[in-house]
Amino acid sequence: MDLSILNTIAAFVLFGITIAFIIVSWILNYHWGRYEISVSRTFSIRKIYFIISGIMLLIILLLFFNLKQ
Amino acid sequence: MITLFKDEEIILIQRKHWLPFVLESVPFIIISILPFMLFAFSQILPLNIKIIFDNYSNYYFFFSFVLIFIIWLIFIVFWTNYYLDMIIITNKRIMDIEQINLFSRDEAEIRFEKIQDVKIEINGVLPSLFKFGDIYIQSAAEMEEFILKDIPDPYKVKDIIAAQKEKIFDESKKLAELVNGNV
């Protein structure tokens, strides 16, 4: 199988999930900020969400660079 | 943010019971671990399929983690819908906030003066074991019935509603007596 096609698809997928992550984060932040009652809890939720998402994106990025090797 | 009236205090904020949410989350967990189970399973497959898995393992893990990340984003949206669903009981009214999805939200409220009857319904084995159920509030007006779904400890919530209704009734009775006395 031609690996360059898979690499191109992987690059597009990476770009797509990054855009999806930005849009989803923006919408969720809006909802948490507007509709949650406790400000401190909103802060904790945001922190947990961004830590988990950050770790997952980092793993995906490392795996993406691993494809080229 | 919830806007309260003057002299209004929040008595109880109650979210839906966690059990229906956990049960609905099971597919997310299954889909997330599926790629890894498939990879482990591939080791006992015939050699030609095992070779494909081994040769493209980099790609397999990359796309598996992408899938898990997408599942995570869908799950967090799903959790937000659960988390922002709540009832708020204040000393003046009951607010039922239903987050249907990210772009659809339903907020309804009923004042204690309008409440005529409160009914609890606990149906099924799991609601009985884990003590959650629906609360039906019948209003005096021609409004439709007010339904609070999957509320944990509905008897406690019903007691709070009854006590607050009683308090408001006593206050309005005293006020009426005071006005009649002055006249």
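Which residue in strand 7 of chain B is the bridge partner of Gly133(B)? In the predicted model described here, that partner is Ile151(B). Residues are numbered from 1 along each chain as its sequence is written, and chains are lettered from A, with ligands numbered from 1, in the order in which they are written. Because the model is predicted, local features need pLDDT of at least 70 and side-chain atom pairs count only at pLDDT 80 or more, whereas totals for chains, interfaces and linings use all residues.

The pair formed by Gly133(B) and Ile151(B) belongs to an open sheet of three strands of chain B, arranged in the order 5-6-7 with antiparallel pairing. Strands (E, at least two residues) and helices (H or I, at least four residues) are DSSP runs numbered from the N terminus, and two strands pair if DSSP finds at least two bridges between them. Strand 5 (115–121) and strand 7 (146–152) of chain B are the edge strands, each pairing on one side only, and the twist from one strand to the next averages 20 degrees. Such angles run from 0 to 180 degrees between N-to-C directions, the axes being lines fitted to C-alpha atoms, for helices over the stretch in contact. Strand 6 (residues 132–139) of chain B is joined to strand 7 of chain B by five bridges in an antiparallel arrangement, in which Ile137(B) has Phe146(B) as its bridge partner in strand 7. Six bridges connect strand 5 of chain B with strand 6 of chain B, again running antiparallel, and here Ile115(B) is partnered by Ser139(B) of strand 6.

Ile122(B) lies in the loop between strand 5 and helix 4 (125–130) of chain B. Ile122(B) counts as partly exposed because it has 15 C-beta neighbours inside 10 Å; a residue is buried with 20 or more other C-beta atoms within 10 Å of its own, exposed with 12 or fewer, and partly exposed in between, the C-beta atoms being placed from the backbone. Leaving aside neighbours within four places in sequence, Ile122(B) is in contact (C-beta atoms, placed from the backbone, within 7 Å) with Pro127(B), Ser128(B), Gly133(B) and Pro154(B). The C-alpha atoms of Ile122(B) and Asp150(B) are 8.9 Å apart in space, while the two residues are 28 apart in sequence.

A further open sheet of chain B contains four strands in the order 1-2-3-4, with antiparallel pairing. Its edge strands, each pairing on one side only, are strand 1 (10–15) and strand 4 (104–111) of chain B, and neighbouring strands are turned by 15 degrees against each other on average, direction ignored. Strand 3 (residues 93–101) and strand 4 of chain B run antiparallel and are joined by eight bridges, with Asp96(B) standing opposite Ala108(B) of strand 4; a hairpin connects these two strands through two residues.

Two packed helices are described by the angle between their axes and the distance between the axes. Within chain B, helix 1 (residues 18–42) and helix 3 pack at an angle of about 175 degrees with their axes 10 Å apart, and the two helices are therefore roughly antiparallel to each other, the cut-offs being under 35 degrees for roughly parallel, over 145 for roughly antiparallel, 65 to 115 for roughly perpendicular and oblique for the rest. Their contact involves, among others, Phe21(B), Phe28(B) and Phe39(B) of helix 1 and Tyr60(B), Leu67(B) and Phe75(B) of helix 3.

Between the chains, 19 residues of chain B are in contact with 22 residues of chain A. Helix 3 (residues 57–83) of chain B supplies the largest share of the side of chain B that touches chain A, namely 14 residues, and by class this side has 17 nonpolar, two polar and no charged residues. Here Ala, Val, Leu, Ile, Met, Phe, Trp, Tyr, Cys and Pro count as nonpolar, Asp, Glu, Lys and Arg as charged, and the others, Gly among them, as polar. The axes of helix 1 (residues 3–35) of chain A and helix 3 of chain B come within 11 Å and cross at roughly 15 degrees, which makes the two helices roughly parallel.

Methods. Contact = placed C-beta atoms within 7 Å.
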